[in-house]
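Colleague: I'm new to this one, could you walk me through it?
Modeller: Gladly, here it is.

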Amino acid sequence: MSLQQIIAPSVLNADFLELGKGLKAIENGGAGLVHLDIMDGHFVPNVSFGPGVSKCIGKGTSLPLDCHLMISNPEQYVEEFAKAGAAYISVHAETTNHLDRLLHQIRELGCKPAVALNPATPLESILHVLDIVDMVLIMSVNPGFGGQKLIPYTLEKIRRLRALCPEKDIQIDGGVNLETIRMAKDAGANIFVVGSAIFCTSNPEETCKQFVMKVSG
Ligand code: DX5
Ligand code: ZN
């Protein structure tokens, strides 16, 4: 079975005054998910938005919501994000003592559970939950901000993970642009979070189409 290649634009650096336009642009641009970077200013040194804004975004697009929880105590919020309409909920292995229980809880809420790892966190910390998740999110930058440079050693993590699970969705998040996406795909990622390289351009729709072309075929 060949895995779908999906572009998941992150709205983190989108123009929130024109977010409806931005969502239409990525829909028309062939995106497969909309990536919502949820930040609490505690697990990461930045604050973004929560379940309320996520719900509004969900009303403004037909794209499934891919909620990336970069927050402490995610157990307290997964139900809110499920109610907000999340299709995927990614939680960081670094943010919970009870990862197995939390991932089962996400599935019981009717969402697709995913586990995320910061660059320096070894794959070994998630080997036991690979069968519980629908996706693994490999951070290719230190979380908190868009517009950073991809950290090269994270590609090796993706390569190793792909060898362990040939059929699993592997998402790369951070520093993906029209140059680095080739390396990310060659390493084995099949879902590509792209933030500033789409939303900080003059034509996000056309740029998104270029990313889709890069990973198709
Ligand atoms: C970091 C965020 C970013 C964002 C993508 O915490 O998770 O990785 O999604 O940002 P770009 O594509 O601008 O690096
Ligand atoms: Zn993210």
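This is a predicted model: local features need pLDDT of at least 70, side-chain atom pairs count only at pLDDT 80 or more; totals for chains, interfaces and linings use all residues.

Modeller: Residues are numbered from 1 along each chain as its sequence is written, chains are lettered from A and ligands numbered from 1 in the order in which they are written, and side-chain values use heavy atoms, with hydrogens and water left out.

Colleague: Why is strand 6 largely enclosed?
Modeller: Because 5 of the 5 residues of strand 6 (residues 135-139) are buried; strands here are DSSP runs of E with at least two residues, and helices are runs of H or I with at least four, numbered from the N terminus.

Colleague: And how many bridges join strand 6 to strand 7?
Modeller: There are 5, and the two strands run parallel, with Asp169 in strand 7 as the bridge partner of Met135. Strand 5 (residues 112-117) is also parallel to strand 6 and joined to it by 4 bridges; two strands pair if DSSP finds at least two bridges between them.

Colleague: Switching topic, which residues coordinate the zinc ion (ligand 2)?
Modeller: His35 (NE2), Asp37 (OD), His68 (ND1) and Asp173 (OD) do, at 1.9 to 2.2 Å, where donors are N, O and S atoms within 2.8 Å of the metal (3.2 Å for Na, K and Ca), and water is not among the atoms, so sites may look incomplete.

Colleague: Are His68 and Asp173 buried or exposed?
Modeller: Both His68 and Asp173 are buried.

Conventions. Buried means under 20% relative accessible area, exposed over 50%, partly exposed in between (1.4 Å probe, protein chains only).
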